[in-house]
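This briefing covers one protein chain, from its overall make-up down to individual residue pairs. Please keep the sequence and the 3D view at hand while reading.

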Amino acid sequence: TGQYLRQWGSAGTGPGQFTPSGGGHPHCVVFNRGLLYVCDRGNARIQVFDPRGNLKEIIDVEPGSGDFGSSSDVDFSPDGRFMYINDHGNSVLWIYEMATRTIVGGFGRAGRVAGEWNSFHSLAVDPMGNIHTGEVTGRRLQKFVPKGTVPPARLSRFLGRPHYDAVE
């Protein structure tokens, strides 16, 4: 009906607040499986709310990430097992496992070649599980295709976790 329902949040660093710098605004808002995931970039976290605005969880991403913060955008794997987090400040795409509530992997770095980002700003996951990323300064899109899991010889911590390669 176009009727105003509710609002929540304010500038600050406490639960339910958003970074005081830049006016204290959320950087992304993504609705997934009945919950609202809100990027609080400057406070290096994602705050999770129910549709009525009740805070359900705070996911710390990478504290101390400087002026750009570490959570600019999020999206989810088609099966809902993983949340992908755009860490703008560190130029990394983090892989967060929903069941264990932990960051289990990540890839990327600052740069201009395939697999690197020049001002990593947004991401989207398609129904096939491909990850599409966008850059502000780099003015380009990149597509990353799932390539199985990280081999045990590479890093045991990520055994059985997703692995992505840049499409050239």
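The model is a predicted one. DSSP assigns the protein chain 12 strands and 0 helices. Of its 168 residues, 48% count as buried.

**Overall make-up**

- Along the sequence, the pattern of the protein chain reads β-β-β-β-β-β-β-β-β-β-β-β.
- Among contacts in the protein chain with a separation of 6 or more, 38% are accounted for by residues 24 or more positions apart.
- The protein chain has an accessible surface of about 9,000 Å², and carbon and sulfur atoms contribute 52% of that surface.

- Strand E7 spans residues 92-97 and strand E8 spans residues 102-107; the two pair in the antiparallel sense over 5 bridges.
- Within this pairing, Tyr-96 is positioned opposite Ile-103 in E8.
- E7 and E8 form a hairpin, with 4 residues between the two strands.
- Arg-101 belongs to the turn and has a positive phi of about 55°.

**Salt bridge from the hairpin turn**

- Arg-101 also forms a salt bridge with Glu-57, with 3.0 Å between the closest N and O atoms.
- This pair links distant parts of the chain: Arg-101 lies in the loop between E7 and E8, Glu-57 lies in strand E4 (residues 55-60), and the two are 44 residues apart.
- Arg-101 counts as partly exposed because its relative accessibility is 38%, which falls between the cut-offs of 20% and 50%.

**Other salt bridges**

- The count of salt bridges comes to 6, including the Arg-101 pair with Glu-57 and the two pairs described next.
- Asp-40 and Arg-45 form a salt bridge whose closest N and O atoms are 2.7 Å apart.
- Both Asp-40 and Arg-45 are buried.
- Lys-56 and Asp-50 form a salt bridge whose closest N and O atoms are 3.9 Å apart, within the 4 Å limit for a salt bridge.
- Lys-56 counts as exposed because its relative accessibility is 53%, over the 50% cut-off.

Technical notes:
Residues are numbered from 1 along each chain as its sequence is written. This is a predicted model: local features need pLDDT of at least 70, side-chain atom pairs count only at pLDDT 80 or more; totals for chains, interfaces and linings use all residues. Side-chain values use heavy atoms; hydrogens and water are left out. Two strands pair if DSSP finds at least two bridges between them. Buried means under 20% relative accessible area, exposed over 50%, partly exposed in between (1.4 Å probe, protein chains only). Contact means heavy atoms within 4.5 Å. Accessible areas come from the Shrake-Rupley method with a 1.4 Å probe; for residues, only the protein chains shown count as cover. A salt bridge is a side-chain nitrogen of Lys or Arg within 4 Å of a carboxyl oxygen of Asp or Glu.
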